[in-house]
Amino acid sequence: MTGLILWLARLCLVLAFGAGPAFAAPSSVAVLLSDEAPLYQEFAQRFQNELLSRGAMSVTVLPPAAAGEAARADLVVSVGVRATEQALRLEPAPPVLAVLLPRASFLKLRAKAGARALSAIFLDQPPGRRFALIAEAFPEVRRVGVVLGPESAAEARSLQAAARERGMILVAERIDEEEALLAALKRVLSEADVLLAVPDSLVFNRNTAQAILLTSYRAQKPVVAYSQAYVQAGALVAVYSTPAQIAQQAAEIVYGLGTPPALPAAQYPKYFSVAVNAQVARSLGIPVESERVLLERLMGAGGRP
Amino acid sequence: MQGERRGRGIRRLTVSLCLLAGPLAHAEQTPLSEAEFLGEVPMVLTVSRLAQPVQDAPSAVTVIDRETLLASGFREIADVMRLVPGFYVGYAAGNDVIVAHGLTNAYFGRLQVLVDGRSVYTPAWGQVRWSMLPVTLEEVDRIEVTRGPNAASYGANSFTGIINIITRHPAQDKGTLLSATTGDPDLRDGFLRHAGRWAGWDFRISAGHREDSGFAARNDSQHTDSLLVRGDRLLNATDSLQVQAGWRGGRLGVGWFGDPLDLARDRHAATGFAQFRWQRNTRPDDELAVQFYYSFDRNREAFVTRVSNPPTTLRLVEDAERYDLEIQRIEVPTPTLRLVWGASLRHDRVHAPAYLGTDATRLNRLQRLFGHAEWRPAASLTLNAGAMVEHNDLTGTDPAPRLAATWHVLRDHSLRLGFSQAQRTPTLLEYAADYKIVLNGLPPFQWYLSPERLPPERITSRELAYLGAVPRLGLSWDVRLYEDRIRDVILADAIGGGTWIFRSGNWFTRRGIETQLAWHLGPTRLHLAHAFVQIRDTGGPVKNAERDLYRTDPRHTFGGLVAHRFPHGIEASLGYYYYDDMTPLGNGGDYIRAYSRRDLRLAKRFRLDGGQAELALVAQNVGAPYRDFMWDAVKPEQRNEFTRRTLVTFKAEF
């Protein structure tokens, strides 16, 4: 019902002012999910609502089993790594906007995608925003530690640049196997004031979270993480984007696309949240501003992609 | 081989271009999943793992972390208590450490000592056999010491303080550690630890050997071996399981040279435990934990005395067991209120035919209910209220309440007013002693006896404390003024003919000031602890109670440690420890004069075949010898003379 009213309203606007960007948007969009878990549903729901509220095109949400149906869509929004892999196998090859996937995974898939139209909204936050969070949360921090693995090593240069921009020093170690993690971590923690977690299937992941958090806590060094769950588990702060926030950005992109859709460059999240673990802050004796204050400051300065 | 492999794995970088070659080499790996960002991460740092900020604690707390432990150069965990204000550490024998926070006593302890939540004081004596603990300094993550009673949270024996030893999670110790120490007095320690991950378990297994010859004049050597295993497993995002088991056994020198009724001999001793803990954390500040442990303590001694004709073989058997089940819930119903509550059941069993005069096993059952609330009605005020009700077979039911109000005057400056009451149940040996020596052809000689039904000892403690900090400088300190009124103190009374009986009804009051300062700034750390205590109003039905209680604690105690990490892996530390003169209970009335001791530690870390190694030199008591706990004016064989000890430790980790 709401959709119909909006569509009528949009029709009136178009009749009055001529064709706006709405009419340029692709007319059929398939949202391909990696899984039917709630977080993918959350994305799909929000994405649909955003587009509907703009009175745009038809959106079909497809579970992994029905991936083949996406082949005829004008645009495929693939949600997660698995869905993106599926979307890149579709024939004919529709343009793909990949969402809810790590930048490292996107780069790998991009390399394999050949001439296909592929863009993405990463789950990773831009390096500048991560360092802005460190600067706002810990104004006295100078040395930021990272342990990089095979995937995250690609970020070394951009992290270095972001650190320099904030007048900070990056203390980095690179490892190639998980056994080397604790030793590298200890060396980094002995020099750095905070530990910046950079996701990597070898270094920072859910299996190593325990060892990393315990070791950092032992060294009395806070961990700056990349997800809300990591903060709950014991990291001190994180800047992250929720599926709903990514959905909003995705809807904005799709709404602005022409026909045939000309995808913009892959990009970092535009909307984001901040999480703080007050218990850990108290225990480490580090006073940290509230989530709200930190978020406002990040939105105010330097936090934009 | 392993080390070599790892040596290649780690590449030191100061962000160089070679990094960029990385991803190509691993292009075949499965891509990083979005679950990394959006999925659950198991709760790691939950309330029970986090150190409670000292500023909010309802009692005076001293936290000794791992760096300080290692920098101190101590070999015994107990010695670290020298850095806790008001805590006394003495050696009744080289293999028998006494730790006390008031009422210094060779036999009966008044401290609660926990290792990962497991109570380790013996049911028979109430004292901790520090030398026999299966845990070593290498496994300890930190020690939190509560100065003063806190039975409301920790139950039985939490009378003058609580020592909470928290061991490291195996995930922190991946790899292998080898350590060897040699030095005075004929000391040879070896330690091997391996930790890793196997079938979903983070595990650690360690084996150790300790030996030394103790004080020169005494028969107090120790030769023990230990084994400790721990496994931690995450069952799912909220539940985790911890399993631990440990054992230490060997022989300890006991008795005296030349005392026919207490001859120098070996004690064959073994202790062990098994512990299970299941924990569910649905939020960082919400926890449900169920814990069970079993522990035992087994001692055998025998010697032949030629006082009688024919000679008599005297045997001392002492077996103790403890079964303990506890359930605890932590919840935060509103952002300003935190609740901890739970219940526990314990069985303590003691079989000590010689001491108890019966071949039967004595059982003491304990049931406890406890609750504690921390309420922060305003940002500047924290109120703590807690209570425990404890019932045991010996002395019945007793409540133990505690109340504290902390006013955070400024963000880093607080004032705390506290009140606490606690009881100490007599140990099974105090409660039911019937120690007779029966020699061939002679009438039995009654040595110790408990003719009365002893009520529990009672303490009422009041305190006013100021806590301050300059977090930017890594500096924190607190000053605590307190008064402890201790009633129904149990003492041994000489009733003639060499017989002693345990009697209650003695009393004394302690007033004192405890000050501590900790400064952790970069590579430098400093710990200072001072305590002054004034004992007054002592007395009781036991002969000499007034005098004995008055002089049992040192008036001034001081502990200081400064440590610095220099470049090139060099560490140096200096410890200074002072105790005033005293005549502790249970040392035969020996006057122990004041002493100070200086300890030095110098260590160098270096790389070894891809791993880390450390060579450390420790010199304990670099100055003149001092008299430790026991010093008979006449008999030189009853003198604990602590001369300079030099230790060299080599450690390799890979």
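Does B:Asp116 count as buried or exposed, and at what relative accessibility? At 13% relative accessibility, B:Asp116 counts as buried, where buried means under 20% relative accessible area, exposed over 50%, and partly exposed in between (1.4 Å probe, protein chains only). You will find B:Asp116 in the loop between β5 (111-115) and β6 (118-119) of chain B. Its phi is near 50°, a positive value in a residue other than glycine.

Before we go on, a word about the model. It is predicted: local features need pLDDT of at least 70 and side-chain atom pairs count only at pLDDT 80 or more, while totals for chains, interfaces and linings use all residues. Residues are numbered from 1 along each chain as its sequence is written, chains are lettered from A and ligands numbered from 1 in the order in which they are written, and side-chain values use heavy atoms, with hydrogens and water left out.

B:Phe629 is buried, with a relative accessible area of 0%.

Now look for the nonpolar cores. Such a core is a set of buried Ala, Val, Leu, Ile, Met, Phe, Trp, Tyr and Cys residues joined through side-chain atoms within 4.5 Å. The largest one has 98 residues, and A:Phe43 and A:Phe47 have the most contacts inside it. Helix α11 (residues 243-255) of chain A gives the most to this core, with seven residues. A second, separate core has 52 residues, including B:Phe87 and B:Ile592.

Next, turn to two helices of chain A. The axes of α8 (residues 181-191) and α9 (residues 209-218) come within 10 Å and cross at roughly 30°; axes are lines fitted to C-alpha atoms, for helices over the stretch in contact, and angles run from 0 to 180 degrees between N-to-C directions. α8(A) and α9(A) are therefore roughly parallel to each other, the term for angles under 35 degrees.

Finally, visit two prolines. The peptide bond from A:Glu91 to A:Pro92 is cis, with omega near -5°, and A:Pro92 has its place in the loop between α4 (81-87) and β4 (96-101) of chain A. A cis peptide bond also joins B:Asp184 and B:Pro185, with omega about -15°.

Terms used
Helix = DSSP H or I, 4+ residues; strand = E, 2+ residues; numbered from the N terminus. Parallel < 35°, antiparallel > 145°, perpendicular 65-115°, else oblique.
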